[in-house]
Amino acid sequence: MIVRPSLATDAPALAAIYGHHVLHGFGTFEEVPPTADDMAGRRAAIVERGLPYLVAEDAGQVLGFAYAGPFRPRAAYRYTVEDSVYVAPEAVGRGVGKAVLSEVLSACEALGIRQVVAVIGDSGNAGSIALHRALGFEPSGVGKSFGFKHGRWVDIVWMQKALNGGDASGPDAPGLSLGGA
């Protein structure tokens, strides 16, 4: 398995993997799977910001992906990103999520990011919670019943990981270019 930067041509695989989680899981609160064109646009928006959008691939097949996006649009959040990670159902439990998310975290650290936030759908999402914990994320809280999907109320679990010393000192990089006051 290799981890590499995603390509525009990966959009169909990204859509298939993410679409499975939209239809069958609670890790995302989307209810209608985006098309390959939608995923291509979302990927381009992340990459154009200089942020990592990586895939794990084995024998030419994309097994999972992870990326970091701006946490919120206001300028004061320029040192914080939110991660996302999704693994193909047939590849769950093979270390794909850990491999690809680890590389995203390394790329964020190189960019001078100070905090990475995970907003995990479903407090019962043991796999994602364990993955983030294994990579050094700490629990930050639970939002009870923030969404309603597949006929039930769904929590979100907040976790975060400090990079580059977190809040121990002032920033030494410019951070993300964000709008908003």
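This is a predicted model: local features need pLDDT of at least 70, side-chain atom pairs count only at pLDDT 80 or more; totals for chains, interfaces and linings use all residues.
Residues are numbered from 1 along each chain as its sequence is written, and side-chain values use heavy atoms, with hydrogens and water left out. Local features need pLDDT of at least 70, side-chain atom pairs count only at pLDDT 80 or more, and totals for chains, interfaces and linings use all residues.

**Sheet**

Helices (H or I, at least four residues) and strands (E, at least two) are DSSP runs, numbered from the N terminus. Seven strands form an open, mixed sheet in the order E1-E2-E3-E4-E5-E7-E6. Two strands pair if DSSP finds at least two bridges between them. Strand E1 (2-5) and strand E6 (138-149) stand at the edges with a single partner strand each, so one side of each has no neighbour in the sheet. Neighbouring strands are turned by 25° against each other on average, direction ignored. Axes are lines fitted to C-alpha atoms, for helices over the stretch in contact, and angles run from 0 to 180 degrees between N-to-C directions.

| Pair | Bridges | A bridge partner pair |
|---|---|---|
| E2 and E3 | six bridges | Asp58 and Gln61 |
| E6 and E7 | eight bridges | Pro139 and Met159 |

E6 and E7 form a hairpin with two residues between them. His150, in the turn, has a positive phi of about 50°.

Contact means heavy atoms within 4.5 Å.

The axes of H1 (residues 11-24) and H2 (residues 36-48) come within 8 Å and cross at roughly 105°. H1 and H2 are therefore roughly perpendicular (65 to 115 degrees). H1 contributes Ala11, Pro12, Leu14, Ala15 and Tyr18, and H2 contributes Ala36, Met39, Ala40, Arg42 and Arg43. These contact residues divide into eight nonpolar, no polar and two charged. Ala, Val, Leu, Ile, Met, Phe, Trp, Tyr, Cys and Pro count as nonpolar, Asp, Glu, Lys and Arg as charged, and the others, Gly among them, as polar.

**Largest pocket**

A pocket is an open set of points on a 1 Å grid over the protein atoms alone, where a 1.4 Å probe fits, with protein on both sides within 12 Å along at least five of seven lines; lining residues have an atom within 4 Å of a point. The largest pocket holds about 1000 Å³ of space, the volume filled by probe spheres set on the points. Of its 44 lining residues, Gly27, Val85, Tyr86, Asn125 and Ser128 are the closest to its centre. E4 gives the largest share of the lining, six residues. The lining divides into 23 nonpolar, 15 polar and six charged residues.

How values were computed
Angles under 35 degrees count as roughly parallel, over 145 as roughly antiparallel, 65 to 115 as roughly perpendicular and the rest as oblique.
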